[in-house]
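Subject: Handover of a structure

Dear colleague,

I am handing over the structure below for your study. Please keep it open while you read the notes that follow it.

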Amino acid sequence: MFFDQKIINLGLDAETNIGVITRLAEALKQEDVVKDSYLAHVLSREKSFPTGLQLEGGIGIAIPHTDSDYVNKSQIALATLQKPVSFKSMVDKEVDVKVNLVFMIAMSQPHEQAQLLSNLMTFCQNESGIKALLTTTKVSEAYEILTKYNLN
């Protein structure tokens, strides 16, 4: 499974997208999932290729990531946010998306990322799954939701 309960952060309090990305990158680094250079490359990629996505129901997600060169082992850091944080839209860089949920991808093999993004997009179309993830306060429940929707 690409999710580790140690890297699921529910109710993260951050003021900016940089703060969210930094906190999640630090969690990945602490578990030796990513290299020291990972954070800088995610932030750089986010500027050029933003990852905010507006879903139906007023929910925004972001899927920051970078190349597999900066990853030691495949993992996804997850954060639900105490209050929405602005990310630029992946559809239109000029548009801000108020994000409530962040999946930060760290894939060590390039081929894994395409399938994972496809699975995430399918999950994002399931409003009840997203809402369940956003409302849970227990990491174990979040992990169960992710498993139920085959995000592994």
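In this predicted model, five strands form an open sheet, and their order across it is β1-β4-β5-β3-β2. The pairing in the sheet is mixed. At the edges are β1 (3-12) and β2 (52-54), each of which pairs on one side only. On average, neighbouring strands of this sheet are turned by 20° against each other, direction ignored.

β1 and β4 are parallel and share four bridges. Within this pair, Ile8 has Leu78 in β4 as its bridge partner.

β4 and β5 run antiparallel and are joined by 10 bridges. Two positions illustrate this pairing: Ser86 has Lys98 in β5 as its bridge partner, and Phe87 stands opposite Val97 in β5.

β3 and β5 run parallel, with two bridges between them. Here Ala62 stands opposite Val102 in β5. Finally, β2 and β3 pair in the antiparallel sense over three bridges, and Leu53 is placed opposite Ile61 in β3.

How enclosed is β5 by the rest of the structure? Of its 11 residues, nine are buried, so β5 is largely enclosed.

Helices across the sheet

Helix α2 (residues 38-48) lies across β2, β4 and β5 (96-106), and runs at about 140° to β5. Helix α5 (residues 139-148) lies across β1, β4 and β5, and its angle to β1 is about 115°.

The largest pocket

Rolling a probe the size of a water molecule over the atoms shows where empty space is left. In this model, the largest pocket has a volume of about 170 Å³. Which residues line the largest pocket? They are Leu53, Leu55, Glu56, Ile59, Met121, Cys124, Gln125, Asn126, Glu127 and Ile130. By type, the lining divides into six nonpolar, two polar and two charged residues. Helices α3 (110-124) and α4 (127-135) each supply at least two residues of this lining.

Leu53 lies in strand β2 and is one of the residues that line the largest pocket. Is Leu53 buried or exposed? Its relative accessible area is 15%, and because the limit for a buried residue is under 20%, Leu53 is buried. Leaving aside neighbours within four places in sequence, Leu53 is in contact with Ile59, Gly60, Ile61, Met90, Val97 and Met121. Among these contacts, Met90 is 37 residues apart from Leu53 in sequence, and the two are 6.2 Å apart in space, C-alpha to C-alpha.

Leu134 is located in helix α4. Its relative accessible area is 25%, and Leu134 is therefore partly exposed. Not counting residues up to four places away in sequence, Leu134 touches Ile59, Thr80, Asn100 and Leu101. Leu134 and Lys88 are 46 residues apart along the chain, and their C-alpha atoms are separated by 20 Å.

Ser68 belongs to the loop between β3 (60-62) and β4 (75-88). Although placed in a loop, Ser68 counts as buried, at 15% relative accessibility. Ser68 touches Met107, Ser108, Gln109 and Pro110, again without residues up to four places away in sequence.

Asp32 is found in the loop between α1 (17-30) and α2. What is the phi of Asp32? It is positive, at about 60°, although Asp32 is not a glycine. For comparison, most residues other than glycine have a negative phi. With 45% relative accessibility, Asp32 counts as partly exposed.

Yours sincerely,
A colleague

Definitions and conventions. Residues numbered from 1 in each chain as written. Predicted model: local features only at pLDDT ≥ 70, side-chain atom pairs only at ≥ 80, totals over all residues. Heavy atoms only, no water. Buried < 20%, exposed > 50% of the residue type's maximum accessible area, 1.4 Å probe, protein only. Contact = heavy atoms within 4.5 Å. 1 Å grid on protein atoms, 1.4 Å probe; cavity = no way out; pocket = protein on both sides within 12 Å on 5 of 7 lines; lining within 4 Å. Points joined across faces, edges and corners; volume = space filled by probe spheres on them. Nonpolar A, V, L, I, M, F, W, Y, C, P; charged D, E, K, R; others polar. Pairing = 2+ DSSP bridges. Axes fitted to C-alpha atoms, helices over the stretch in contact; angles between N-to-C directions.
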